[in-house]
Amino acid sequence: MRRKLPEIRIQILLVIATFVMIILRFLLNEKGRVNPDSIRYMRTADAFPVIDNTVTPLGYPLSLKFFTIFGLDEFWGSKIVGILSYLFIIYFARKKKFYLTETVLIGGLFSFVSIFSYTMSEALILPVVFVFLYLSHKIINEEIKGSKSILYLSLILILLYNIRYPALFLMFGTGLFGLLRFKRSYGKIFVLSGLIGFIFVVAYKFLFIDYFNENYVATFLEIGLHSTSTLLVELFQGLTTVFNPFIHIANPSGGIINVAIYGIGLLNIVLMAFLFLKNKLSETEFFFVFIGIIGIICSYFIQYFYSVNPIDYRLMAPFSLGIWMVYFKKLYQIFGKLTYGITVLSLMTGFVFTWLSKGNYLENRREITKFLKSEKLEKGRVNFYMESETDLSKMQIAELISTVNPNVKVTFKASDTLKENVLTQYKVLQKIKIDTNKFQ
């Protein structure tokens, strides 16, 4: 027991450090770790039960809406969701004795700290993905059998889809794994569960999406959106930042620093492949890696005909989680407690990056709240005018406004600026000063 105590202390310290870093990550960000998609999530939560859009499932917006019952607004509700999601993973891993060491190591990686501090649905889907991996492990080991296993696995896949549509790739991967293992007792369970999940997706499309937005598919599907040469470069850049344990964001301006960032990520991927090939994976480990790779492959090919952001650490988090779990397990078997050093270095790197690029969100929130009250726009619809959606400096102001009043929509019509509830960057910055940083 004495030999185990020091490691328990290391884990407790890492969990505390990660918890603190999650909070610092959004408080030391000029707009509280939100982006244009965050505006849509918070606006959808604010508008519910009116369905504001069908671009995203209702799972995450409803989680934000839930916390408004306790007097929080949608922004602070999103931060509670992120923190509780991290704590749930740690609690569940400890309670079930399921990859506890690995979850402590993964949770402290700067990329995952960034996810849990973000007002984005990835923060909510990660604990559900973790439960999905746990249930799959139990089914593979035949600790859950029969109709109960099909019910549990199908429900968790459906729940995942109701948080993020890319969970469709997890359904596909689950069914494909079942086909590969069809002769084994659990093979049919994975096939049937994946099939049930797919049937739900079809029903969801016709009964929900088409009901509220019949042009959704026609609007978002477009063949030949990007060239293969562009997508392959983005795939390399994305994967080498996804699997870089220290820095997950490359410099948009390029430069020698990106060579180091991509290089570390590439070396880590090579080491992963070496360890997975050299050390025979258990059936559970194979499933975790397989489902992650399938998710990444599907995410790549969907870009040919569906408009999504380039592959990055955030979009790949639901698929990379299982791969990271197996990877850290293999590293721990070789290096023991020294493996915690990776997470310690990642937290240190994250703190330095956060501090150097800091912006005072609470001060900015006070300023924008004061401004909205003076304009009598703290409630109700606010339209924010921009010449182009690529003008990120102006978008940041709209994002900041959304953390106080989530009922924000961006307009690109110059004629709208004549309306009273339409704001512009000039109008806002003429009256208040926003604490900005040069990195985010």
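**Entry 1: His137**

I looked up His137 and found that it is buried, with a relative accessible area of 18%. The cut-off for buried is under 20%, so His137 falls within that class. I note that the model is a predicted one. His137 is found in helix α7, which covers residues 122–140.

I then listed the contacts of His137, leaving aside its neighbours within four places in sequence, and found Phe98, Glu143, Thr284 and Phe288. For Phe98, which is 39 residues apart from His137 along the chain, I noted a C-alpha separation of 9.6 Å.

**Entry 2: Helix α10**

I next examined helix α10, which has 26 residues and runs over residues 187–212. From its first C-alpha to its last, α10 reaches 37 Å, close to the 38 Å expected at 1.5 Å a residue. I also recorded a kink of about 35 degrees in α10, centred on Lys205. The buried residues of α10 include Gly187, Gly194, Gly197, Tyr204 and Phe208.

**Entry 3: Helices α13 and α15**

How do the axes of α13 and α15 cross? I found that the axes of α13 (residues 256–278) and α15 (residues 313–335) come within 10 Å and cross at roughly 75 degrees. The two helices are therefore roughly perpendicular.

I looked up the residues that meet here. On the α13 side they are Asn268, Leu271, Met272, Leu275 and Phe276. In α15 they are Ile323, Trp324, Val326, Tyr327, Lys330, Leu331 and Ile334. I recorded that the residues of this contact divide into 10 nonpolar, 1 polar and 1 charged.

Key:
Residues are numbered from 1 along each chain as its sequence is written. This is a predicted model: local features need pLDDT of at least 70, side-chain atom pairs count only at pLDDT 80 or more; totals for chains, interfaces and linings use all residues. Side-chain values use heavy atoms; hydrogens and water are left out. Axes are lines fitted to C-alpha atoms, for helices over the stretch in contact, and angles run from 0 to 180 degrees between N-to-C directions. Helices (H or I, at least four residues) and strands (E, at least two) are DSSP runs, numbered from the N terminus. Angles under 35 degrees count as roughly parallel, over 145 as roughly antiparallel, 65 to 115 as roughly perpendicular and the rest as oblique. Contact means heavy atoms within 4.5 Å. Ala, Val, Leu, Ile, Met, Phe, Trp, Tyr, Cys and Pro count as nonpolar, Asp, Glu, Lys and Arg as charged, and the others, Gly among them, as polar. The expected span of a helix is 1.5 Å times one less than its number of residues. The bend at a residue is the angle between axes fitted to the seven residues ending there and the seven starting there. Buried means under 20% relative accessible area, exposed over 50%, partly exposed in between (1.4 Å probe, protein chains only).
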